[in-house]
Amino acid sequence: MTLDRTTAGDGYFPTAHIHALVREFPVISLTLGQRMVTPSGIQESVSFARHSNEYQSAARRLVAQSRLSLDEPPTISSVVDALYEHVSVQQGRGLPPAVRELEDGVLIAAVAGEPSLVESGLRLARQMVDLWPKSRLPLDWMGSGIWLTGLEERIADPSVLSDVVEQQISFHKLVKVPAV
């Protein structure tokens, strides 16, 4: 969870995120950000002036609203399903392709030994590459075939992915943090 500062700088948005440890990355990246919202769906902030009176209530509301459990570690399936859903929602709304989230879902499923989730992700990847406009893909995009082949090569040996996860846990000093 993060407390994202408001643009006015007078408060924060309580926000739930995940970070996938399946790739070497020098910082904790945050994906699937979900901010606390009002009943009408408007992002809800907590002012610094009201923080001491409202933070516990805000935390309870965010826990209740979160698509992934914040009370206990979410299951691998729920994390991967949330990533795949995000990919589809991004596409449906005409937003930039969620390439990293799709990769993360496939890699997480592979390292967790969930072949049906891996296959679901690869099917989704094959569908999405035909829909993603080239102008909205990452600057280092090498092409659909190269990307799909590279993804399949990365999941071929789950022990390599497990090593990456262990290295990232150590590198980011996350040994005491529960990992799904």
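Here are some friendly notes on the predicted model shown above, going from the whole chain down to single residues.

1. **Ground rules.** This is a predicted model, in which local features need pLDDT of at least 70 and side-chain atom pairs count only at pLDDT 80 or more, while totals for chains, interfaces and linings use all residues. Residues are numbered from 1 along each chain as its sequence is written, and side-chain values use heavy atoms, with hydrogens and water left out.

2. **Overall layout.** The chain has 6 helices and 4 strands (DSSP runs numbered from the N terminus, with helices being H or I of at least four residues and strands E of at least two). Reading from the N terminus, the order is β-β-β-β-α-α-α-α-α-α. The C-alpha atoms fill a box of roughly 50 × 40 × 30 Å along the principal axes.

3. Of the 180 residues, 40% count as buried (buried is under 20% relative accessible area, exposed over 50%, partly exposed in between, with a 1.4 Å probe and protein chains only). There are 16 positive and 21 negative side chains, and the centres of the two sets lie 7 Å apart. For that count, Lys and Arg are positive and Asp and Glu negative, with His and the chain ends not counted; each charge is placed at NZ of Lys, CZ of Arg, CG of Asp or CD of Glu.

4. **Strand β2 and its partners.** Strand β2 (residues 11-18) pairs with β1 (residues 2-5) in the antiparallel sense over 4 bridges (strands pair if DSSP finds at least two bridges between them), and T15 is the bridge partner of T2. These two strands form a hairpin with 5 residues between them, and G9 in the turn has a positive phi of about 80 degrees. Strand β2 also runs antiparallel to β3 (residues 31-35), with 3 bridges, where I18 stands opposite T31. A further 2 bridges join β2 to β4 (residues 46-47), again antiparallel, and G11 has S47 as its bridge partner. As for cover, 7 of the 8 residues of β2 are buried.

5. **Nonpolar cores.** The largest nonpolar core has 39 residues, and L102, I108, W132 and W147 have the most contacts inside it (a core is a set of buried Ala, Val, Leu, Ile, Met, Phe, Trp, Tyr and Cys residues joined through side-chain atoms within 4.5 Å). Elements giving two or more residues to this core are α2 (76-92), α3 (99-111), α4 (115-131), α5 (144-155) and α6 (158-171). A second, separate core of 6 residues includes A16, M36, V46 and L62.

6. **Contacts around W132.** Leaving aside neighbours within four places in sequence, W132 is in contact with Q91, P97, V99, L102, L137, W141 and W147 (contact means heavy atoms within 4.5 Å). Across the chain, residues 24 or more positions apart account for 60% of the contacts with a separation of 6 or more.

7. A59 sits in helix α1 (residues 51-65) and is partly exposed, at 29% relative accessible area. Its C-alpha atom is 9.5 Å from that of T15, 44 residues away along the chain. Q168, in helix α6, counts as buried because its relative accessibility is 5%. Not counting residues up to four places away in sequence, Q168 touches L21, R23, E24 and F25.
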